[in-house]
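Reader: I am new to this one. Could you show it to me and then take my questions?

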Amino acid sequence: MITRDLLLQQLHEAEEQLAQQQALVETLKTRLNSISSADTSTLAPVGSVSESSKTSHLSIFDNQYFNLIIRQVPISIAMFDTHMNYLAVSEKWLEDCGLQGQNIIGQNHYDIFPDIREDWKEAHRRGLNGETIKQSEDRFERPDGIGLWSKWEIKPWHDAQGNIGGIFIFGDDISQLKQNEELVLLQGAALQAVANAVVITDRDGIIKWCNPAFSKLTGYSAEEAIGRNPRELVKSDVHDSQFFKGLWDTILAGKVWHGQLTNRRKDKTLYDEEQTITPLQDENGEIKHFIAVKEDITLRKQGESALLDYTQYLEAMHQIVLDLLNRREIDDLLQASVELASVILDAPFAELLLEENGELVVHAFTMNQPFLKGDRVDRSNGLLSWQAFDSGKPAIIEDYSAWAKHRPIYDAAHLHSVADLPIMAGRECLGVLALGRSAPNHPFTERDIQKGMMFSQIVAVVLDNVKLYNNALQEIAERKKAQAELSESENRFKGAFEYSPIGMALVSPEGRWLKVNNSITQILGYSAEELAYIDFQKITYPEDLDLDIGLVNRALRGEIDSYSIEKRYVHKDGHVVWALLGVSLVRDELQQPLYFISQVEDISQRKVSELSLRETNQRLQLVLEGASLATWDWNINTDEIDFDQNWSNILLDLPDTKLRLTLGSWRDLIHPLDDARVVETINKQKLDPDPQFQLEFRLRTLSVHARWILVSGRVSSWDQDNKPARALGIIMDITARKKAEQQAFELALEKERVMLLTQFIQDASHEFRTPLTVIQSALYILNKMSLDEKSQRKINQIDEQIVRITELVDRLVEMSALDNGVAFDLRDTDFTYILDLLNQRLRAKLESRQQVLQVSVPLQLPLVKADSERLFAALYHVLDNAIRYTVDGGIIHLSAEQEHDQVMIRVQDSGPGIPTDVLPHIFKRFYRSDIAHSSPGIGLGLPIAKAIIERHGGTIEVLSTSEAGTCIQIQLPLGNNA
């Protein structure tokens with residue numbers, strides 16, 4: 001993740017690089033000036049030099065050494081004559097201008113850039129008039145369309161007579177610096193807009209900055225908060241000193257603290273927050289600031305508390321329901337309900353009234369209200385209870401004694417808060433549960449009412465349960481009477497059974513045919529005697545059996561009483577018979593299954609016709625759906641268009657349905673950018689129709705993105721005036737095709753970007769190596785000279801940095817090659833051969849630090865599938881890393897062994913180990929565990945090793961502890977001959 005600190009660091013590095021380039025530019029300017037002042041004839045144009053001068057001096061433009069200097073300097077510079085013709089130019093100038101590989105010497109600047117801005121031409125004229133012009137920031141558009149930000153300077157040069165011979169233009173590419181500045185500004189804006197509160201303090205906790213979300217959370221503006229300690233602003237005194245000691249011990253140790261705490265807003269209200277505090281360290285590892293990110297979790301905490309309370313309440317209600325359901329006496333049930341309601345709803349006064357003949361009658365009450373026994377309430381009094389009964393909703397009074405319409409019977413109770421709750425059984429109100437509290441300022445809350453309504457519903461359920469129990473006793477008596485009537489009905493059924501024109505049968509719960517009529521035998525081809533020895537499963541078509549048996553079992557379980565399905569039977573002669581089957585289950589007086597009544601109607605002829613039509617429609621529908629097609633029918637005279645169900649399903653994201661749209665409503669769906677083009681085609685079809693037309697355009701749907709469709713159609717009929725009357729056609733969803741075309745274009749752009757990046761790295765490495773080689777040569781000469789100790793130490797430091805930069809360039813080139821998929825030559829490889837090469841390559845490093853490399857490899861180690869050169873490079877980086885972090889005189893262990901179908905390689909150092917929070921980042925490019933980057937290495941060795949190992953089909957991981965150093969494990973696949 002790109003952080004603000006990382007962006008600022010990159011911005012600082014870019015500024016340093018620009019400063020170094022500017023210093024090089026100034027050095028070059030000084031050199032050019034010194035050449036001019038030492039011998040002005042060297043800057044004279046060739047044509048203006050006298051014959052004597054030609055013999056004594058060469059023009060600078062014939063001086064190959066001077067041109068070589070200009071061409072090779074790693075900055076953007078060009079030299080022009082008074083007509084703005086190129087005299088000399090650097091490679092960096094060609095690169096920045098997009099002119100690589102072109103020979104522009106002698107060409108005119110304005111011919112190469114015909115669209116050059118007028119203000120630049122004016123700057124050139126001023127330079128040719130002797131002025132030096134500088135621009136610290138300017139945008140330049142290259143011929144290839146790429147825009148660059150640059151910093152430039154124009155300076156005149158003089159010939160042998162002191163006249164202005166032309167101008168120099170120096171330029172610096174500052175595009176990366178501009179991008180970094182923009183990213184810093186964007187990140188600052190993001191911090192201002194983020195929803196969570198963000199606070200930055202110094203080491204002592206004094207607020208240095210806060211975002212608007214902090215002010216919204218705490219009530220303090222930024223002006224009120226900055227310069228003060230959060231403990232002065234929001235401390236709630238909820239947490240003890242030990243809590244804050246643990247917090248400070250964590251962050252002062254350089255670790256991130258995360259936890260929950262309660263604070264106080266400016267208006268003194270408390271709130272809960274979840275906070276993360278991150279220490280910020282300087283380049284020396286000292287903590288300078290803390291960043292705290294706060295999230296208000298007050299509502300979440302309240303919700304958790306309420307959920308716990310509600311869960312406990314539900315558990316209590318479960319026990320209450322079980323107790324009430326076990327009661328059979330109605331009076332006992334009602335009294336228990338009142339007493340339980342009084343306890344769980346904290347209402348010392350409670351009564352239960354049921355409706356009887358237009359009155360509410362008190363059936364149960366708490367013992368502190370004996371005066372209510374036998375009380376009956378009509379509609380002229382008890383207004384609150386009747387309000388709850390009639391509305392089916394709670395009726396609440398906060399001070400009942402002061403209410404003008406209160407009942408005098410309650411005067412002795414001195415009731416304050418009163419709630420009357422309806423007892424609802426479905427939509428019917430059975431009565432009222434009345435609750436009262438005598439304590440002042442103790443109203444019934446919304447949550448109390450919710451609990452009360454739930455309890456009143458439970459009372460309704462148990463009342464209904466007692467009613468059902470009593471009704472069941474009465475039903476048993478009535479069933480015997482009905483049995484006699486059933487016997488008579490069965491006789492009537494027998495006559496209808498035998499002579500029915502459709503097949504009828506009685507089938508046992510196990511599926512055996514108990515009784516069949518003549519129609520069944522004709523449909524199935526079996527006689528009644530033959531059917532008596534088989535069950536319906538044996539003659540049911542196998543694919544229909546599971547459905548039929550499943551419905552039979554549901555009926556036997558009491559889930560359904562009857563069912564009707566279309567199914568197939570296998571006729572006695574082997575052909576399939578389609579039948580419409582209707583089944584009803586008959587039970588005895590104890591509700592035990594007796595038999596099924598089955599009605600079977602032969603529908604074979606109808607099914608043949610239906611199947612033929614369905615198969616034809618399915619084939620057509622599959623073609624349409626598979627190709628994402630929908631059909632349309634346009635009545636040109638009425639401008640009505642009919643669409644099939646695929647239109648709504650595929651194109652409009654609506655449920656399957658056919659649609660009819662007018663031409664106007666159809667146009668409302670067309671994307672605005674395509675509307676004019678579509679309307680033009682429609683009008684043309686009305687006036688001068690094409691036999692076959694196609695049109696691609698975008699359609700607005702219910703989803704976020706528009707869809708591309710292809711409309712294809714033709715005129716199918718004409719009216720009496722020979723004008724188009726009707727058109728038919730199809731619509732195809734081509735969104736996927738359009739997306740694929742866009743993705744192919746974007747992929748091509750990405751490939752071009754990678755190619756340019758690779759070329760840049762290669763060119764940059766070349767540009768770096770040239771000056772580095774020159775510097776190393778100079779250092780070699782200086783090392784041969786007798787220098788004092790301080791100078792020698794400085795030279796050694798420069799030499800170390802040159803080696804470090806050279807290594808960085810090599811690593812960048814190596815990583816670039818891997819990123820671009822350089823080909824690997826994988827073949828069976830002897831690992832011991834690679835070990836010998838590693839020993840030779842690392843011997844000098846190990847001896848210089850008096851370290852020992854212990855190798856443990858079995859003689860019969862199998863071959864590995866590897867590119868020997870790349871695998872050598874990967875292991876070299878791993879061992880080089882181990883050498884860097886092992887103390888002088890330490891031991892490094894390298895072992896290899898076969899594990900299943902792989903070779904396991906382990907490199908164990910005896911260094912200080914890697915902190916746990918660093919381990920997830922160890923394979924990131926340029927990652928260094930310390931902010932100051934004082935540790936050895938450049939942060940590319942292990943990423944390169946990881947890339948190489950994974951290209952081999954292997955894995956690499958790091959195991960590290962502070963006590964046992966670091967172990968890097970590598971798994972490689974075995975070779976084909978292993």
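## Cavities and buried residues

Author: Five cavities of 30 Å³ or more are present in the structure. The model is a predicted one. The largest cavity contains about 340 Å³ of space.

Reader: Which residues lie closest to the centre of the largest cavity?

Author: They are P230, L247, W248, Q275 and I277, out of 21 residues in the lining. Elements giving two or more residues to this lining are α10 (230-234) and α11 (241-252), together with the strands β6 (197-202), β8 (257-264), β9 (270-281) and β10 (287-296).

Reader: How do the lining residues of the largest cavity divide into nonpolar, polar and charged?

Author: The lining has 13 nonpolar residues, five polar and three charged.

Reader: What makes M84 count as buried or exposed?

Author: Its relative accessible area is 2%. Buried means under 20%. The value falls under that cut-off, so M84 is buried. M84 sits in the loop between β1 (76-81) and β2 (86-89). Its phi is positive, about 65 degrees, although M84 is not a glycine.

Reader: How do you know whether L524 is buried or exposed?

Author: Its relative accessible area is 1%. The limit for buried is under 20%, so L524 is buried. L524 belongs to helix α16 (residues 518-524).

Reader: What does L524 touch, leaving out residues up to four places away in sequence?

Author: L524 touches W513, L531, I539, Y569, H571 and K572. A contact needs heavy atoms within 4.5 Å. Take Y569, one of these residues. L524 and Y569 are 45 residues apart along the chain, yet their C-alpha atoms are separated by 7.4 Å.

Reader: What makes α26 mostly covered?

Author: Of its 18 residues, 13 are buried.

Reader: Why is Y885 called partly exposed?

Author: Y885 lies in helix α26. Its relative accessibility is 29%. Buried means under 20% and exposed means over 50%. The value for Y885 falls in between, so Y885 counts as partly exposed. Y885 and P912 are 27 residues apart in sequence, with 7.4 Å from C-alpha to C-alpha.

Reader: What makes C97 and C967 count as buried?

Author: C97 has a relative accessible area of 6%. C967 has 8% relative accessibility. The cut-off is under 20%, so C97 is buried and C967 is buried too.

Reader: How much of the chain counts as buried?

Author: The share is 39% of the 978 residues. The chain has 27 helices and 34 strands. Among contacts between residues at least 6 apart in sequence, 52% join residues at least 24 apart.

Key: Residues are numbered from 1 along each chain as its sequence is written. This is a predicted model: local features need pLDDT of at least 70, side-chain atom pairs count only at pLDDT 80 or more; totals for chains, interfaces and linings use all residues. Side-chain values use heavy atoms; hydrogens and water are left out. On a 1 Å grid over the protein atoms alone, a cavity is a set of points where a 1.4 Å probe fits but cannot get out, and a pocket is an open set with protein on both sides within 12 Å along at least five of seven lines; lining residues have an atom within 4 Å of a point. Grid points are joined across faces, edges and corners, and a volume is the space filled by probe spheres set on the points. Helices (H or I, at least four residues) and strands (E, at least two) are DSSP runs, numbered from the N terminus. Ala, Val, Leu, Ile, Met, Phe, Trp, Tyr, Cys and Pro count as nonpolar, Asp, Glu, Lys and Arg as charged, and the others, Gly among them, as polar. Buried means under 20% relative accessible area, exposed over 50%, partly exposed in between (1.4 Å probe, protein chains only).
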